Amino acid sequence: MKKECTKMKGISLNALFLAIIGLFASGLAMAAPDLGVAEQQATNWHAIIMFMIFVGFTLVITKWAAKQTQSTEDFYTAGGGISGFQNGLAIAGDYMSAASFLGISALVFSSGFDGLLYSLGFMVGWPIVLFLVAERLRNLGRFNLSDVVSFRLEEKPVRTLAAFSSLVVVAFYLIAQMVGAGQLIKLLFGLNYNIAVIVVGLLMTAYVLFGGMLATTWVQIIKAVLLLSGATFMAFMVMKAVDFSFSNMFTESIGVYSEAHKISLSEATKIMGPGKLTENPIDALSLGLALMFGTAGLPHILMRFFTVKDAKEARKSVVVATGFIGYFYLLTFIIGFGAILFVSNNPQFLDLAKAAMTGNLELIGGNNMAAVHLSDAVGGDLFMGFISAVAFATILAVVAGLTLSGVSAISHDLYANVFKKGQTTPASELRMSRIATIGLAIFAIILGVLFEKQNVAFMVGLAFSVAACANFPVLVLSMFWKGLTTRGAVIGGVVGLVGAVILIVLSKAVWVDTLAISETAPNPFNGPALFAMPLSFLCCWFFSITDKTARAEAERKAFDAQFVRSQTGIGISGASDH
Amino acid sequence: MDDSQVERILNNPKFQEMVSRKRKLSWTLTAIMLVIYVGFMLLVGYNKAFLSSSVSGGVTTWGIPLGLGIIVLSFVLCAVYSYIANHKLDPLNEDTLREVEAIAHEKGMH
């Protein structure tokens, strides 16, 4: 029976692979008349072939992983059998999304120092995750963060809340990645946007549906290694060109920047300091807080801590991940400056027609393509194909991880524990998780198509803000504060979630720029974290201390046992049976 | 894990030592990270002139080494935490578990 089942999976996997190749081919045929220069077409083929190799290889891994994915443990957490180092690489992979690789290098390319500010915010979240969250999380939970917050609080309301806010974060993040993927593929491979989104949706379904966490993790690890190698090569070539001196790189970049943007040298020197990104100090602080604490509330990142066997390995994962992520951000910084040096002054990469209209420096395919053009400049067609394929693979891997965490919220939280009140068999939960995977994939494809014109970086910021305002306060208080009760957690979490979303809707980016309701926004600030996060903490606190019910008393009393387990990991092996 | 076992662990001096040291370590490091990062973001918000000023007369501004420094510092703090946790705190934790289990065994409660 088991064997048959695996065989069936094998067949459908192959069918899927063929379908994807078919889609590619039809997409290319459709796109063919649009391809202008012959040279560009050649580049596209390099990218597509390399991407096909990646897809083929990862599908083989998925097939292998499918054989080992039999239980819910296997599906959600790869049976806890990932090593600390592997998990660290996978976490780094989750974090090195296309938004960070293309987005941050593009930000450095267009405004220098501001790009560094973004990477800093993403980076400083990690020590917080390690010091406050990682070990306790591993010791208390089984599959996801809802397990942790509902450890001593009442399952139904708390789990429902955690599942919903996780799904909101996942949805925002998914939109950003799907839209990014569609646009990237449209540009790099010359494929139709909608087909690109469908290809991403299908591949992600294959990884998650058949291979679960094991396949998702390995796809992430392979991609992380490829991306780090590619970025290292690019940064090396840039540094070689400036004799390995940062000072040379900055001086030359300022010179080129002033010429390319047709501004004075002293004006160009401003890229060496904070610029437009943080004109309003409150926005700067709010962004910083969202990035810093949002990391500790991202469901797909937190889920990774359950794939290792104990708290010690969880700790190791963070150190490894932080090392790779930090290294990666140093590389993107160099790559951004490299793009100023080698891309902004090369007519081959410039969109002169568009520049003539806007009066700004415009790259072919938009400024997010800075890193891709640089790969062409320093490594030629073949290398550019490699980087394009890696950028696509990046999105694919991140989307798979996101989907898996969304699936756990649906099938493990809402279905198995809330709807069925824990009275379910692992087999039916697993079946539900597979249905949820397909459902989420369709949902993601629809979102990707609907939000084609949406600003990607903004959506990622939104995901982090919601994670920081809704997930983080409840998670931290449930682990650290004896006094937290179900009432406090639910009200605090809802206030954080709703508060963040309302503040975002009332801010300029949505109210004026997207919805165009009025000329000025009711909320003058762009980031919600500075206000909504403290408010959420406050509500958790206030509605907990005023909670005099017997249930609240019992929950406070249960803290000691939770505390001992969170510190020692006692009882963790038996956790899988309850 | 029953209540009496929880109580025994909570009252175990080694456990208490481990917890208080870990608490001190995590909150100290968190505070360092927070103060430095928030301080930096305040500089970005309120003192752009300083961050845009030159370090030593060249084009490199104070913002660059400070910014890159914070990235490196994040990793260093993680490594410090991990080193202390692995070498000082984990052994205490293991001792606690061993002692508590031994007591449970003696009383025939397991």
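Leaving out neighbours within four places in sequence, A:A463 is in contact with A:V169, A:F172, A:Y173 and A:A176; two residues are in contact if their C-beta atoms, placed from the backbone, lie within 7 Å. The model is predicted: local features need pLDDT of at least 70, side-chain atom pairs count only at pLDDT 80 or more, and totals for chains, interfaces and linings use all residues. Residues are numbered from 1 along each chain as its sequence is written, while chains are lettered from A and ligands numbered from 1 in the order in which they are written.

**Nonpolar cores**

- A:A463 is also listed, with A:F172, A:V200, A:V399 and A:V466, among the residues with the most contacts inside the largest nonpolar core, which has 231 residues.
- Such a core is a set of buried Ala, Val, Leu, Ile, Met, Phe, Trp, Tyr and Cys residues joined through C-beta atoms within 7 Å.
- A residue is buried if 20 or more other C-beta atoms lie within 10 Å of its own, exposed if 12 or fewer, and partly exposed in between, with C-beta atoms placed from the backbone.
- Helix α16 (residues 370-419) of chain A gives the most to this core, 28 residues; helices (H or I, at least four residues) and strands (E, at least two) are DSSP runs, numbered from the N terminus.
- A second, separate core has nine residues, including A:A561, A:F563, A:V564 and B:M18.

**Chain A overall**

- Chain A has 23 helices and zero strands.
- Its radius of gyration is 24 Å, close to the 25 Å from the globule rule for 578 residues, so chain A is as compact as a globular protein of that length.
- That radius is taken over C-alpha atoms, and the rule is 2.2 Å times the number of residues to the power 0.38.
- Of the 578 residues in chain A, 61% are buried.
- Among contacts in chain A between residues at least 6 apart in sequence, 83% join residues at least 24 apart.

**Where chain B meets chain A**

- On chain B, 40 residues are in contact with 47 residues of chain A.
- α1 (3-11), α2 (13-46), α3 (48-51) and α4 (63-106) of chain B each supply at least two residues of the side that touches chain A.
- α4(B) gives the most to that side, with 19 residues.

**Confidence**

- Chain A averages a pLDDT of 85, and 90% of its residues score at least 70; pLDDT is the predictor's confidence in each residue, from 0 to 100.
- Over residues 27-43 of chain A, pLDDT stays under 50.
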